[in-house]
Amino acid sequence: MTRATPLPTKSVPSIEDRWDPARVTGVDELDALVYRSNLLASDRSVVNFGGGNTSVKALQADHTGRATNVLWVKGSGSDLATIGRGGFTGLRLEEIMPLLERDAMSDEEMVAYLARCQLDPSMPRPSIETLLHAFTPHPHVDHTHPDAIGAIVGATDGERLAADCFGGDALWIPYIRPGFALSKLVADAIASKPEAKLVLLAKHGLVTWGASAAESYTATLEAINRAASFVAARAEGGPAFGGARRPGIDAEARMGLLAEVLPALRGALGVDGPRVLQLDTSPAVLEFVGGDESPELSQVGAACPDHLVHTKRRPAWVAYDPERDDAAALRERLVEAVREFQAREHAYFEQYRAEDDKLLDPSPRVVLIEGVGMVSAGRTLKAAKLSRDLYHRAIAVMRGASALGGFVSLDDAESFAIEFWPLELYKLSLAPPPRELQGVVALVTGGAGGIGSAAAHAFVDSGAVVVVADIDSKSAAEVVTEFGDAAVPVDVDVTDEASIVAAYRAATLAFGGVDVVVSNAGIASSAPITETSSELWDRNHDILARGYFLVAREAARTLIDQGTGGAIIFVGSKNSLAPSKGAAAYSAAKAAELHLARCLAEELGAHGIRVNTVNPDAVLAGSRIWDSSWREERARAYGIEPDQLEAFYRERTTLKVNVLPADIAAAILFFASPVRSGKSTGNFLNVDGGVALAYPR
Ligand code: ZN
């Protein structure tokens with residue numbers, strides 16, 4: 001091992017004091033607590049996503065007007081970065097303190113007892129670590145899991161290092177799961193040494209306090225910064241993670257490789273429902289996945305109990321040697337690694353489970369590919385991002401701990417006791433119920449147009465993430481702004497094979513693969529047959545019939561590779577079925593699409609891929625086709641003025657209605673959803689207000 005490059009001190013950064021006294025002047029204790037909490041968590045190296053908790057003890061009037069000692073503590077399931085007053089729960093402290101006299105208390109008993117101490121029953125359930133706050137004999141208490149502290153409490157020789165770093169200022173508590181017993185241990189330790197400034201919880205985190213909100217904030221920052229400079233000083237002289245294992249591959253090759261292997265990985269992860277994947281090739285991740293010690297280090301265990309339900313005990317580590325392995329070899333190894341992980345997860349669950357426990361997710365949440373990057377997986381985009389972000393914290397903790405001589409974590413029994421702890425699972429139960437297309441990735445061509453953007457809306461509303469593919473990249477970029485991070489814009493020209501391949505590649509790199517492809521990009525033209533040029537004929541067939549073929553061919557390749565079925569939906573036309581005067585080129589191409597869909601349904605059924613068609617008619621609203629010369633041409637063909645077309649089309653339908661983009665989107669959603677149409681393929685659904693010529697027969 002070379003010992004040349006010093007570990008950059010930014011690996012365990014010192015935290016800047018950003019306390020603004022003006023923000024707490026004239027506000028009540030709860031507002032000051034909100035400010036302190038938000039400020040602490042604005043730096044994720046201080047407070048994990050959803051982790052940590054803060055409190056204040058304050059005298060205030062209860063609902064009867066009586067002066068009451070109230071403990072305000074974070075409610076379970078909220079995030080300190082965004083928490084407001086309503087995220088905290090007020091508890092009557094004089095009802096809690098007698099618990100200090102008890103020797104033991106079960107979790108169920110503790111939860112039920114604390115529920116009765118709430119000032120208001122409608123407040124959220126108080127944090128798992130409420131008693132820790134109540135029993136710490138100071139008005140303001142912070143409990144956090146900062147990276148720099150994690151490096152010490154997660155180091156093999158943590159207790160001795162803690163003494164070296166903090167001297168007599170710190171109290172050391174060996175690991176036990178949060179709850180009544182841990183809270184008592186902390187209370188006893190502080191009582192035995194009242195001059196101590198902080199408590200270090202082995203393999204877990206930090207407890208600090210103060211007489212005021214500002215003092216508590218400062219105490220937390222001071223503890224972190226002492227730990228940060230201690231780690232930095234000890235780490236001098238050695239490269240992180242033992243230095244790079246082998247030369248890395250360049251960024252372009254890396255992305256090409258990932259685009260080839262991710263659908264198969266996503267398929268293996270999605271044995272019990274689709275996952276959204278998030279790719280991370282940031283410098284911190286690349287340094288870790290390239291590290292010589294990382295294959296072993298990554299398998300030690302979680303860096304903080306709080307991470308467990310989001311990252312599991314350990315990630316799947318997949319070896320990759322660019323000299324030896326091609327994409328196919330890596331693909332195979334990824335699938336194998338996921339299967340092995342799932343088998344181990346079932347065995348772990350069976351070994352430790354209680355009767356009522358349920359294995360909610362057997363798949364890895366984090367997959368590390370040696371020298372290439374990190375892939376996180378979740379049933380929702382939010383979950384995938386949370387796993388990714390928490391694993392960044394884990395990398396920082398391991399970086400520090402290994403620089404201090406070695407990293408330790410919870411053993412399997414301890415991990416299980418957290419991962420399947422009802423109080424930890426309760427937090428997950430606060431998430432909104434799963435939506436119909438949760439975890440599904442949908443790609444829509446012509447996604448910026450009227451029907452395409454309505455379909456994208458319907459997908460996002462149903463919980464899917466969407467790739468809005470369009471030749472008009474500016475409009476596609478505008479459409480996705482409505483969807484936050486649930487959609488990405490992608491350039492595509494459906495007449496260009498390379499462009500289509502690139503669009504699927506972009507979709508794969510954005511979310512890991514695709515499940516639903518809506519072929520919708522199109523044009524329309526109108527001309528009597530005697531005036532239909534061969535160019536016009538070719539153009540219609542190029543964009544429609546051939547474009548649908550190319551988009552579907554690439555969809556089939558990706559879906560088959562992924563191996564979890566899927567849905568291809570063609571947006572056809574009434575003209576796919578009904579003959580129409582003066583639009584032969586368009587109508588013939590639309591008819592070709594419909595038959596192509598039926599051929600593909602027959603061919604792809606064995607892979608669980610369903611292919612269906614939605615036939616709209618005269619969807620004028622929001623349509624770019626109808627903004628073109630098509631409107632004038634159709635009006636001329638019917639002998640009416642262009643602005644009379646809406647009424648004209650309405651009157652000629654059986655139901656006397658105009659068809660809107662949202663109507664087509666509803667039909668697309670029907671064919672996308674396995675719940676609604678999982679046993680339907682080779683079908684079509686007319687959404688045309690009723691046109692007898694197009695009735696199926
Ligand atoms: Zn904690």
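Start at the zinc ion. Its site is irregular, with angles of 84 to 168 degrees among its 4 donor atoms. (Four donors count as tetrahedral if all angles lie between 85 and 135 degrees; four count as square planar and six as octahedral if opposite donors are over 155 degrees apart and all others between 65 and 115; anything else is irregular.) Donors are N, O and S atoms within 2.8 Å of the metal, or 3.2 Å for Na, K and Ca; water is not among the atoms, so sites may look incomplete.

This is a predicted model: local features need pLDDT of at least 70, side-chain atom pairs count only at pLDDT 80 or more, and totals for chains, interfaces and linings use all residues. Residues are numbered from 1 along each chain as its sequence is written, and side-chain values use heavy atoms, leaving out hydrogens and water.

**Select the donors**

Pick Glu129 (OE), His143 (NE2), His145 (NE2) and His204 (NE2), the protein donors lying 2.1 to 2.5 Å from the zinc ion. Along the chain their spacing is E-x13-H-x1-H-x58-H. Now keep Glu129 and His145. Glu129 sits in the loop between helix H3 (107-117) and helix H4 (130-135), and His145 in the loop between strand S4 (140-144) and helix H5 (147-153), so the pair ties together parts that are 16 residues apart in sequence. Helices (H or I, at least four residues) and strands (E, at least two) are DSSP runs, numbered from the N terminus.

Are these two buried or exposed? Glu129 is buried, with a relative accessible area of 7%. His145 is buried too, at 5% relative accessibility. Buried means under 20% relative accessible area, exposed over 50%, and partly exposed in between (1.4 Å probe, protein chains only).

**Select strand S4**

Colour S4. 5 of its 5 residues are buried, so S4 is largely enclosed by the rest of the structure. In a regular strand the side chains alternate between the two faces of the sheet. Look at both sides here: His140, Asp142 and Thr144 are buried on one, Val141 and His143 on the other.

Strand S1 (residues 53-61) runs antiparallel to S4, joined by 4 bridges. Find Asn53: its bridge partner in S4 is His143. Strand S7 (residues 205-210) also pairs with S4 in the antiparallel sense, over 5 bridges. There, Val141 has Trp209 as its bridge partner. Two strands pair if DSSP finds at least two bridges between them.

**Select the largest pocket**

Move to His310, Thr380, Ala383, Leu428 and Ala431. Of the 49 residues lining the largest pocket, these are the closest to its centre. The pocket's volume is about 1,600 Å³. A pocket is an open set of points on a 1 Å grid over the protein atoms alone, where a 1.4 Å probe fits, with protein on both sides within 12 Å along at least five of seven lines; lining residues have an atom within 4 Å of a point. Grid points are joined across faces, edges and corners, and a volume is the space filled by probe spheres set on the points. Which helix gives the most to this lining? H14 does, with 6 residues.

**Select the second largest pocket**

Go to Ala521, Gly522, Ile523, Ala524 and Ile625, the closest to the centre among 48 lining residues. This second largest pocket has a volume of about 970 Å³. H20 supplies the largest share of the lining, 6 residues.

**Zoom out**

Show the whole chain. It has 25 helices and 18 strands.
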